Amino acid sequence: MKDINNIPVELQVKTLFELLKNIFEDGTIKSRIIKYKLDKYVDSKNVNERIYALNRIVLDNNSYNSIPNDGELKKAMEEIESQMSNMLAKKYVQNKLEAEVEKLLMEKQEKYVDEVRLGIIRKQRGVENSKTEKKLKDLEALSEKKLSKSIQNVLRPSNFSEIVGQERAIRSLLSKIASPYPQHVILYGYPGVGKTTAARLVLEEAKKLKYTPFTEDSKFVEVDGTTLRWDPREITNPLLGSVHDPIYQGSKRDLAEVGIPEPKPGLVTEAHGGILFIDEIGELDPILQNKLLKVLEDKKVEFSSSYYDPDDENTPLYIKYLFENGAPADFILIGATTKEPQEINLALRSRCTEVFFEPLSNEDIKKIVMDAASKLDITMDDEIPEIISNYTIEGRKAINILSDLYGYVLYKNRSEDQKKLKLTIQDLKEVISISRLKQFDEVNKNEENQVGKIYGLGVYGFIGSTIEIECSVFEARQKGKGVVRFNETAGSMAKDSVYNAASVIRKITDREISEYDIHVNIVGGGKIDGPSAGAAITLCIISALLNKKIRSDIAVTGEISLQGRIKPVGGVYEKIYGAKRRGISKVYIPKENADEIPTDIKGIEVSTVQTIYELIDEVLVD
């Protein structure tokens, strides 16, 4: 008997044939015996022939096609054993995996069956119970109760002609939006002048034009910048959108259970193809502004999450799309603000054109009041619009005053027929007293010319106003030790104007300021930012020194230089409107500001000057 490794070859071959049954099925073994014609070798008494048959069955190829001699037996056996060991190991792993898979399938099947059963039970029982049904009924009952419409909504302009006093601003806005290439816009202006309404109407007008990119489906999405809040972790961001990760509340239950994050598109995506209107855009968080700028550039919002796995087959296609392509956000931004342009983010301004809404005049407020009364179908004393116009420069505020008056008269008369109501001046006086309203500008058209008193012009927040300046001059108690006093609350640049005026005054009057005690007062203690009151202060001091009166119907704005030149200032447009509201008949402005004079303003004269000497000849009277 032949031995290999001290084990009889016949025993080894017999054992290997037995192991074949653990590796191959009977059909496989039989097919290979037939394929290689091994019938006479399998049961042969010659161990070499049996090894040959075993080798052909295991290797299943033609590489071994001769019966091994005694010297080749060991190598042949090693090849067979190596191949069978690999097959047995693979078979073991395969059987183990199949067992695990079968176990998992059973568990999934049981869970699925449980969910199906639970779903059937829920359908039969429903998600509602007595408590939830009662809450729904309470909400439905509350929804049935409605107060009357807001008077602001009832009287809101429905076309451009009803937006009073903003013809130029509306034309400018239309040229920027109703175009084949609409632009992002920032609207500047005081509250209540029609910025939001104009933006709404502009989109509706643009939809009518075939050459604009807007369609009937284009949305006007409105949001207030002061109320927009976001989380730096991007858990929530209603403006741009956010990702609801499974670890945080908000992801759908079926997504959270399998660890899939869910992107939530924001208002910029809702406004896609239309207009996103952000009121008080200057109040928007600075970081959020920068993120908004990125969206304006990319025209989409990108989402990211450490929980997102692009290879997860459980991830819905819409979520994959949002993570891989982002949410579309191609819209036109219209921002409105009551701030000055220099207070707005420079990067935001550089991407937007700018439209300035004009301050409302007394005539504008009167027309708004009369139009509102016509819509409400009520009558009133003729003087009422004029009186209301003295108490506000806001169209919205004027409507509120009229609404207060309407409600007061209606309750006082207890009238069932609202159309027979008549609003009287006496009723308006009662409402003004109850509401403690104060005139926006006190008009005194019969004011006399005075020594050391003049009106300067200022502007704050797009609102121009008159500044009453007065001056008293006394000879100094000690020669050459005169002092100049000025309001402590006035701005530093306004105080500098007094000292700049000193050299000019010396040239004009040939008097040394140090010989006098001079007291300059801003009536009401208002703060003056900037040097624009310089010319007015200089004239006021000269009037007091020369004991000459100043015309009471004029106002002056302009910076004074050491050479007596009147230098340009800002806010001329608003200042002229402010002077007109005060009843001023003539305004003097620097010649370099001539291009800023309103072309359509009536009821006030505007003159330009270059030097203080021109002003003296025009303003001082005997």
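In these exercises, a residue is called buried when its relative accessible area is under 20%, exposed when this area is over 50%, and partly exposed in between, with a 1.4 Å probe and protein chains only. The model is predicted, so local features need pLDDT of at least 70 and side-chain atom pairs count only at pLDDT 80 or more, while totals for chains, interfaces and linings use all residues. Residues are numbered from 1 along each chain as its sequence is written, and side-chain values use heavy atoms, with hydrogens and water left out.

**Exercise 1. Work out which parts are tied together by the salt bridge between aspartate 427 and lysine 412.**

Step 1: In this salt bridge, the closest N and O atoms of aspartate 427 and lysine 412 are 2.5 Å apart.

Step 2: Because aspartate 427 belongs to helix H18 (residues 425–435) and lysine 412 to helix H17 (residues 395–413), the pair ties together parts that are 15 residues apart in sequence.

Step 3: Aspartate 427 counts as buried at 5% relative accessibility, while lysine 412 counts as partly exposed at 42%.

**Exercise 2. Describe the salt bridge of glutamate 618 with lysine 586, and name the network to which these residues belong.**

Step 1: The closest N and O atoms of glutamate 618 and lysine 586 are 3.7 Å apart.

Step 2: Glutamate 618 is found in helix H22 (residues 612–619) and lysine 586 in strand S23 (residues 586–590), so this pair ties together parts that are 32 residues apart in sequence.

Step 3: Lysine 586 is buried, with a relative accessible area of 11%, but glutamate 618 is partly exposed, with 36%.

Step 4: A network of salt bridges links Lys586, Glu605 and Glu618, and a search of the whole structure finds 22 salt bridges.

**Exercise 3. Describe the lining of the largest cavity by element and by class.**

Step 1: On a 1 Å grid over the protein atoms alone, a cavity is a set of points where a 1.4 Å probe fits but cannot get out, and its lining residues have an atom within 4 Å of a point.

Step 2: The largest cavity has a volume of about 70 Å³, a volume being the space filled by probe spheres set on the points, which are joined across faces, edges and corners.

Step 3: Among the residues that line the largest cavity are Pro359, Phe440, Glu574 and Arg581, and H21 gives the most to this lining, with 4 residues.

Step 4: By class, the lining has 6 nonpolar, 3 polar and 2 charged residues, where Ala, Val, Leu, Ile, Met, Phe, Trp, Tyr, Cys and Pro count as nonpolar, Asp, Glu, Lys and Arg as charged, and the others, Gly among them, as polar.

Conventions:
Salt bridge = Lys/Arg side-chain N within 4 Å of Asp/Glu carboxyl O. Helix = DSSP H or I, 4+ residues; strand = E, 2+ residues; numbered from the N terminus. 1 Å grid on protein atoms, 1.4 Å probe; cavity = no way out; pocket = protein on both sides within 12 Å on 5 of 7 lines; lining within 4 Å.
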